[in-house]
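Please look over the sequence and the structure below. A short briefing follows, grouped by topic.

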Amino acid sequence: MRLKSIIWNGLFVAALCLAGFLLYRIFQQYSLDDIVRSVRSIPFSTFCAALLFAAASYLCLSCFDLLAIRSLGKSLPYRKILLASFVSLSLGHNIGFAGLSSGAFRYRYYSRWGLTAEDVAKIILFCGVTVGLGLITLGALALIVNPDDAARLLRIDPAGARLFGLLALAVPAAYAGLAFFVRGRLRLWRWSFQLPKISTALAQVGVGTINFMFVSACLHQMLAAFGDVAFFRSVTAYVLANSAILATHVPGGLGVLEATLSYAVPKEASIGALIAFRCAYFFIPLALGSVLLFISEIVFRRSRGAGEEADERAEAQSV
């Protein structure tokens, strides 16, 4: 077994063990009575709408992988990409260090379907860039549309917040411009980067932004159940919270998400809203992803065993 394979498989085992530990830690922090009572305080229709927005976000995240694989000139059925993406990210979001943790799970799947460790590393980098583009773009739109809340949170005047949003939009615009004009490898000092096609770059910006809009909509459903909160105020709160989570790499954003949202929307960010949001976007996908991981591992092992038996029979017949 190659060193890269050993490293990726080691990360997979470590991520799996950490996922189990976090399940215990999460449910130790919130008692079952707290979770049930908080979820019950959310109207059923509201909670279902939040689940739909969460599902839409995970579908967008699978499009990150789809775009990455196509940019590599590879081809895989979408159902396989969806499985690998959902399992990887539903666990990676809760484990923390999503690039490495989800990367270990991605390698577990994609290596079985013909992709190399280098391919998986490029997919992780591509998805990371898409996450950054989406977060920056949505954050810029929030600053432009809702400068008052952003100004209060960032302690600047509304005009400055709107100007900062306009400047932030220069990042995705510059990325798309480089993809259009350079059309190949971009060299910066000692580093070089393979830029995607302009169509792929625009798709990254679009799907990355839409993904975070769906996550913000999921959060907005929960916050709106406890108070009158505008959608773009929820967007501002989530962008700020997610930026803090990415900066700290705390597993699942435990404590960071709650503290940031309580600061951004102190009246609406009740314990019920926050636990319900965690249930919809973190806990339920984590449970589903763990089950799918377990089932897929059994299927992979059985198919590998059947393949080895077929090879042995073929060798015996040839002899």
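**Overview**

The protein chain has 13 helices and two strands. Helices (H or I, at least four residues) and strands (E, at least two) are DSSP runs, numbered from the N terminus. This is a predicted model, in which local features need pLDDT of at least 70, side-chain atom pairs count only at pLDDT 80 or more, and totals for chains, interfaces and linings use all residues. Residues are numbered from 1 along each chain as its sequence is written, and side-chain values use heavy atoms, with hydrogens and water left out.

**The chain as a whole**

- Of the 319 residues in the protein chain, 45% are buried. Buried means under 20% relative accessible area, exposed over 50%, and partly exposed in between (1.4 Å probe, protein chains only).
- The protein chain has an accessible surface of about 16200 Å². Carbon and sulfur atoms hold 66% of that surface. Areas come from the Shrake-Rupley method with a 1.4 Å probe; for residues, only the protein chains shown count as cover.
- Among contacts in the protein chain with a separation of 6 or more, 70% join residues 24 or more positions apart. Contact means heavy atoms within 4.5 Å.

- Helix 3 covers residues 44–71, 28 residues in total. Its first and last C-alpha atoms are 41 Å apart, close to the 40 Å expected at 1.5 Å a residue. The expected span is 1.5 Å times one less than the number of residues.
- Gly73 follows helix 3 and has a positive phi, near 80°.
- Helix 7 covers residues 147–154. Its buried residues include Pro147, Asp149 and Leu153.

**Where helix 6 meets helix 9**

- The axes of helix 6 (residues 117–145) and helix 9 (residues 170–181) come within 8 Å and cross at roughly 135°. Axes are lines fitted to C-alpha atoms, for helices over the stretch in contact, and angles run from 0 to 180 degrees between N-to-C directions.
- Helix 6 and helix 9 are therefore oblique to each other. Angles under 35 degrees count as roughly parallel, over 145 as roughly antiparallel, 65 to 115 as roughly perpendicular, and the rest as oblique.
- Helix 6 contributes Val129, Leu133, Ile136 and Thr137 to the contact, and helix 9 contributes Val171, Pro172 and Tyr175.
- By class, this contact has six nonpolar residues, one polar and no charged. Ala, Val, Leu, Ile, Met, Phe, Trp, Tyr, Cys and Pro count as nonpolar; Asp, Glu, Lys and Arg as charged; the others, Gly among them, as polar.

- Leu89 lies in helix 4 (residues 78–95). Leu89 is buried, at 7% relative accessibility.
- Leaving out residues up to four places away in sequence, Leu89 touches Tyr58, Leu61, Ser102 and Arg106. The C-alpha atoms of Leu89 and Ser102 are 5.6 Å apart.
- Thr200 belongs to helix 10 (residues 198–224). Thr200 is buried, with a relative accessible area of 14%.
- Thr200 and Leu67 are 133 residues apart along the chain, yet 7.0 Å separates their C-alpha atoms.

**Two residues of helix 13**

- Phe277 lies in helix 13. Phe277 is buried, with a relative accessible area of 0%.
- Neighbours within four places in sequence aside, the contacts of Phe277 include Val215, Cys218, Tyr238 and Leu257.
- Val291 is also found in helix 13 (residues 271–318). Val291 is partly exposed, at 47% relative accessible area.
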